[in-house]
Amino acid sequence: MTHAGWQQLAAAKRQSILDAIPEKWRIQSPIPTAEELRDVTGPYIQQFLTPREIEITETDALGITEKTTSGTWSAVEVTEAFCHRAALAHQLVNCLHEVFFDAAIEDAKQLDAYFAEHGKPTGPLHGLPVSLKDQFHVKGVETTMGYVGWIGTFQGQKNDPRSKVFESELVRELRSLGAVLFCKTSVPVTLMTGETVNNIIKYTTNPHNRLLSCGGSSGGEGALIALKGSPGGFGTDIGGSVRIPAVFNGLYGLRPSAGRVPYEGAANSMDGQSTILSVIGPLAATARSLKLLFKAVLSQQPWYHDPLVLELPWRDEIEKETRALIEKSKSGSSPLAFGLMNHNGVVRPHPPIARAMKIVEQTLTRLGHKIIEWNPPSHAIAHQLARETYNLDGGADLGHHFGLSGEDQPYQVIVEPGPQKSASEIAVLNVQKREYQKQYMDYWNSTAELTGSGRPVDGVICPAAPHAAVLPCKYDHVGYTSFVNLLDYTSVVFPVTRADKNIDVSQPGTGFLNEMDQEVHGQYDADAYDGAPAGLQLIGRRLQEEKVLTLADYIGANVPKSP
């Protein structure tokens with residue numbers, strides 16, 4: 001395809017997204033530039049909504065289901081409110097790839113009819129709008145994953161009969177739970193970057209500060225939910241792609257261990273690479289909403305439909321045990337203990353993130369919990385192993401899909417072809433990963449000698465990125481998230497504060513850890529980052545989702561609220 005050809009195809013697809021937005025929901029007045037108005041959340045987007053729409057869309061996912069499953073709110077009213085707000089969100093920050101509002105409203109009508117006839121909901125997510133990252137197949141809806149060459153195809157394959165009827169396993173389960181699917185959100189082409197940019201929708205900005213990125217690769221999800229155009233959605237995470245957009249947008253996001261949420265039938269990059277598995281996780285405004293979505297999916301027994309899912313339902317006993325630990329800790333007996341890692345030995349965080357760490361440390365100390373300085377095996381090793389894993393095929397898969405259209409590669413996701421790893425080289429990498437996992441496990445166990453409770457630390461708190469959001473083209477270090485994927489640990493990100501140019505002033509740099517540390521330090525601009533959410537991540541051991549979600553809810557509720 002010629003250069004002009006792919007550009008025209010991308011432009012037509014971009015326009016079709018806008019055309020799918022009803023005329024009544026299109027913003028007629030000029031939208032201020034990012035320089036004129038950085039933050040389009042709150043009052044700015046509210047001006048286009050009715051008081052009733054604001055009430056509905058500013059209720060979290062759990063609060064909505066309490067209304068819809070009891071018949072207090074109709075599925076249609078809730079769905080229409082979120083469709084309207086999602087339409088506005090896209091016009092403000094370019095966060096949607098697919099719009100299927102009409103189909104969603106029809107589904108909502110069927111849910112209301114079911115409730116009227118039977119007097120009960122179809123499931124725990126009855127009437128809850130749920131958004132999806134554009135990796136999930138929904139019947140009658142295209143999946144491009146940001147590739148121009150996927151337009152009008154099924155994952156790049158022309159005339160594939162699956163293109164109109166196929167649905168991912170998670171989509172099937174969400175429908176069974178009563179969720180209403182209404183849009184698919186933007187991703188960076190290839191999925192392998194911490195910003196969201198592709199040749200179809202261009203760049204998705206951060207709604208709290210449109211000078212900055214919304215994160216990636218589930219960036220559209222983060223931006224949409226931050227603008228309350230969705231109460232919750234699902235993304236994927238192979239190096240931080242749920243946690244980065246969630247933390248950049250002031251949200252909660254769960255990276256579960258592999259084998260808990262079904263990936264069957266979802267599109268992906270480098271499909272078949274299994275040294276570090278991509279996993280699916282939810283994003284939402286509250287920790288309790290993450291629990292609602294995660295627990296609901298597990299109730300569908302996905303292990304009967306995805307061969308890689310473990311037969312591991314939601315474990316109420318672990319949640320209860322964790323709540324009991326919290327209560328004991330409050331009374332001064334057997335305190336909870338947390339490892340705090342202020343930096344990973346590779347790159348130090350910017351001032352807003354360093355301040356967020358201090359806020360959480362002070363909060364945990366005030367609550368009577370034990371703080372342990374976290375000195376684990378070298379994170380530089382973890383970062384290097386992860387980088388090698390992401391390039392096992394030498395960029396062949398990504399290069400192939402770019403080649404379908406001949407489209408230009410955005411700066412942030414340039415594919416550099418190289419030699420592919422041999423089977424023996426992959427085996428060596430897998431052994432190195434396993435050895436590193438064992439070293440980390442042993443270190444975690446060793447903290448039982450320091451906590452005073454006889455238990456190792458209950459969780460580790462550290463940055464999710466060196467920066468609060470990021471300036472375009474400046475995401476140079478993903479080591480704060482990728483090590484979790486290498487270990488296959490559970491992680492939840494949570495909001496703490498916001499960057500404040502009057503507090504988070506730049507400090508003269510000395511004693512840098514390395515060239516990368518110096519480069520990232522030099523990228524900090526207090527004025528540019530002003531207003532960006534600054535959050536952290538709480539890490540638990542493998543398959544500890546129930547415990548980590550409970551602790552994240554507890555910590556998040558006790559962190560002082562930002563103005």
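Start by selecting serine 217, in the loop between β7 (209–213) and α8 (219–226); helices (H or I, at least four residues) and strands (E, at least two) are DSSP runs numbered from the N terminus. This is a predicted model, in which local features need pLDDT of at least 70 and side-chain atom pairs count only at pLDDT 80 or more, while totals for chains, interfaces and linings use all residues. Residues are numbered from 1 along each chain as its sequence is written, and side-chain values use heavy atoms, with hydrogens and water left out.

Serine 217 has 1% relative accessibility and so counts as buried (under 20% relative accessible area, with a 1.4 Å probe and protein chains only). Show its contacts (heavy atoms within 4.5 Å): beyond neighbours within four places in sequence, they include Lys133, Ser186, Thr236 and Ser241.

Then move to serine 241, in the loop between β8 (232–237) and α9 (243–248). Serine 241 is also buried, at 7% relative accessibility. Leaving out residues up to four places away in sequence, serine 241 touches Lys133, Leu191, Gly216, Ser217, Ser218 and Thr236.

Finally, select Lys133, Ser217 and Ser241 together: an unreviewed UniProt entry annotates them as "active site", and such annotations may be inferred rather than shown by experiment. They span 109 residues in sequence, yet no two of their C-alpha atoms are more than 10.6 Å apart, so they gather at one spot.

Note on methods
Buried < 20%, exposed > 50% of the residue type's maximum accessible area, 1.4 Å probe, protein only.
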